[in-house]
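Please look through the structure shown here with its aromatic rings in mind, taking the ring pairs and the charges placed over rings in turn.

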Amino acid sequence: MPATVAAAGRAPLLAVHSLVKSFGGIRAVDGASLEIPAGSITGLIGPNGAGKSTLFGMVAGFLKPDSGTVLLDGADVTGLPPHRLFARGLVRTFQIPATFDRMTVRDNLMVVPAGQSGESVWRAWVQWGRVQTEDAAIRARADEVLAFLSLDHVCEEYAGNLSGGQKKLLELGRTMMTEPRLVLLDEPGAGVNPTLMAKLREHIRTLNRERGYTICIVEHDMDLIASLCDQVIVMAEGKVLARGSMDEVRANAEVRAAYLGGVRDSST
Amino acid sequence: MLTDILQLLIYGILLGSVIALSAVGVSLIFGILRFAHFAHGDLMTAGAYFALFFMTATGASIWLAFPFAVLAAILVALAFDRVVYRRLRRTRPVILLIASIGVAFILRNAVLVIWGPDITVYESGIKPPMRFLGLRIKEDQLIIIIGTVLLVILLSLFLQRTRMGKAMRAMADDPDLARITGIDTDRVILWTWVIGAGLAAAGGVFLALDTRLQPTLGWDILLAIFAATILGGIGKPYGAIAGAMVVGISAELGAGLPGVFGADWSLTSYKPAITFLLMVAMLLWRPQGLVGGRA
């Protein structure tokens with residue numbers, strides 16, 4: 001299995017320092033700090049209410065932190081809105097998959113890349129030929145992604161008619177339309193059947209190994225985390241409790257105490 | 001009698017065409033900007049008068065003036081978006097709606113100030129209608145129907161084939177997701193006004209061509225446009241086209257049928273009432289639109 005921290009020594013792609021977020025009187029995230037090395041697959045785990053989702057939301061720009069900083073490749077991106085983060089190569093998927101339900105699967109992918117000349121009012125008419133060539137290239141890319149995810153047989157289907165698992169694949173496909181630097185996956189395994197789960201796991205691994213995506217996964221499924229992640233970060237009560245390989249984390253007494261058997265490690 | 005009914009159908013399709021061109025815009029604007037655009041009727045009026053302006057200034061025919069009117073209406077819409085709507089985009093939809101009523105007043109009164117309150121026409125003189133199997137249709141009316149069909153085909157190609165069209169549909173489907181997947185929402189909004197205002201101007205010129213130019217030209221037909229939009233399911237442009245045909249045909253049939261069956265009274269002046277009844281009935285029983293299940 002992978003080394004403790006695959007890319008140790010290199011500057012982290014994502015660095016989170018002392019992030020705090022309160023809702024009412026409750027400190028959901030209470031001074032959490034963590035680093036995600038470039039090229040790694042990082043798992044973010046912890047018992048319910050540990051603050052994983054809140055932390056995730058702050059990194060992805062959906063929640064504004066009360067204090068603390070988020071650095072993406074050394075640049076301060078704290079509090080930037082999601083679409084600005086998207087432009088900087090940080091993309092995410094959702095626990096409940098979000099797709100354009102009234103559009104076809106292929107069109108869902110084709111709308112993704114930003115800054116194409118097909119979106120300029122004047123150029124669309126003046127340089128029709130160029131726009132068409134670009135559109136053809138994007139369509140080809142979408143079809144390539146769909147083939148990779150084995151979704152090509154439903155490419156003309158409306159996204160709203162897909163199963164939950166297929167929607168998760170489609171979300172993964174959306175991240176593949178750009179050249180993301182950091183992909184945040186919010187419970188990719190939730191509500192996915194075992195067959196699709198195996199596929200999903202392979203896809204995530206391929207994207208990391210072959211395309212060099214840096215990936216961070218929030219997940220309750222310990223098997224998925226154990227089989228994929230180079231490093232695991234454990235949160236509890238808004239703080240980072242432990243960090244290391246799955247085996248190291250498993251052996252950690254504090255981590256065991258935090259879970260208190262509430263979510264039992266399924267592989268022990 | 002069948003001929004009379006078919007004749008009414010032609011008038012209905014004619015009215016439906018004009019309504020459709022504007023209802024598509026209202027539907028797109030609702031889908032993407034999330035408010036009911038009350039100035040749409042007066043945008044039609046402005047478009048119709050821009051054509052008149054171009055004709056009187058250059059002596060050109062109405063068909064040469066047509067693209068000028070479309071372009072001018074687009075520029076007016078973009079100006080109002082920049083000056084009024086864009087500042088209110090982060091507020092609630094009802095504020096945008098009220099603002100658009102204000103824009104409607106500004107447009108209508110600008111037309112009154114510039115061109116005066118008198119009723120006028122593009123070209124005077126009476127052209128005899130063409131006859132076909134006992135049906136009467138004027139050349140202008142035929143051009144209106146063909147022009148509408150062409151514009152709807154163009155719109156459909158744009159929405160289905162181009163990436164900008166896809167981005168517009170994506171934003172109407174889920175605006176938040178559109179933003180975070182990198183869709184340039186400002187450009188989508190720009191295109192929404194280009195298409196909405198362009199089609200409104202086309203509808204305005206067609207309506208003025210079929211009837212007469214007057215400052216309340218578009219305002220008077222706004223109710224029918226909203227009825228068509230609701231009938232089609234708000235925010236669904238294709239639905240709006242179907243809704244416009246239903247509104248147009250039922251208004252003409254409702255007004256004309258008693259006469260066809262020999263009644264010595266007519267409902268012609270009750271056309272708006274028929275439209276209004278349709279709209280109320282839809283809102284009561286099928287607010288999600290005639291087709292499609294989801295609201």
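In this predicted model, Phe66(B) is buried, its relative accessible area being 17%, and Phe206(B), with a relative accessible area of 3%, is likewise buried. Across all chains the structure contains ten aromatic pairs, and one of them is formed by the rings of Phe62(A) and Phe94(A), which count as edge-to-face because their planes stand at 90° while their centres are 5.8 Å apart. Phe62(A) belongs to the loop between α1 (52–59) and β4 (67–72) of chain A, whereas Phe94(A) belongs to the loop between β6 (90–92) and α3 (105–110) of chain A, so this pair ties together parts that are 32 residues apart in sequence. Of the two partners, Phe62(A) is partly exposed, at a relative accessible area of 36%, while Phe94(A) counts as buried, at 16% relative accessibility.

With Phe66(B) in helix α3 (residues 62–88) and Phe206(B) in helix α8 (residues 185–210) of chain B, the pair links distant parts of the chain, 140 residues apart. Elsewhere in chain B, ring pairs join Phe35(B), Tyr85(B) and Trp193(B) into a cluster.

In chain A, the charged end of Arg211(A) sits over the ring of Phe148(A), 6.0 Å from its centre, and in chain B the charged end of Arg108(B) sits over the ring of Trp219(B), 4.1 Å from its centre.

Notes
Residues numbered from 1 in each chain as written. Chains lettered and ligands numbered in written order. Predicted model: local features only at pLDDT ≥ 70, side-chain atom pairs only at ≥ 80, totals over all residues. Heavy atoms only, no water. Phe/Tyr/Trp six-rings, centres within 6.5 Å; stacked < 30°, edge-to-face > 60°. Helix = DSSP H or I, 4+ residues; strand = E, 2+ residues; numbered from the N terminus. Buried < 20%, exposed > 50% of the residue type's maximum accessible area, 1.4 Å probe, protein only. Lys NZ or Arg CZ within 6 Å of the ring centre and 35° of its normal.
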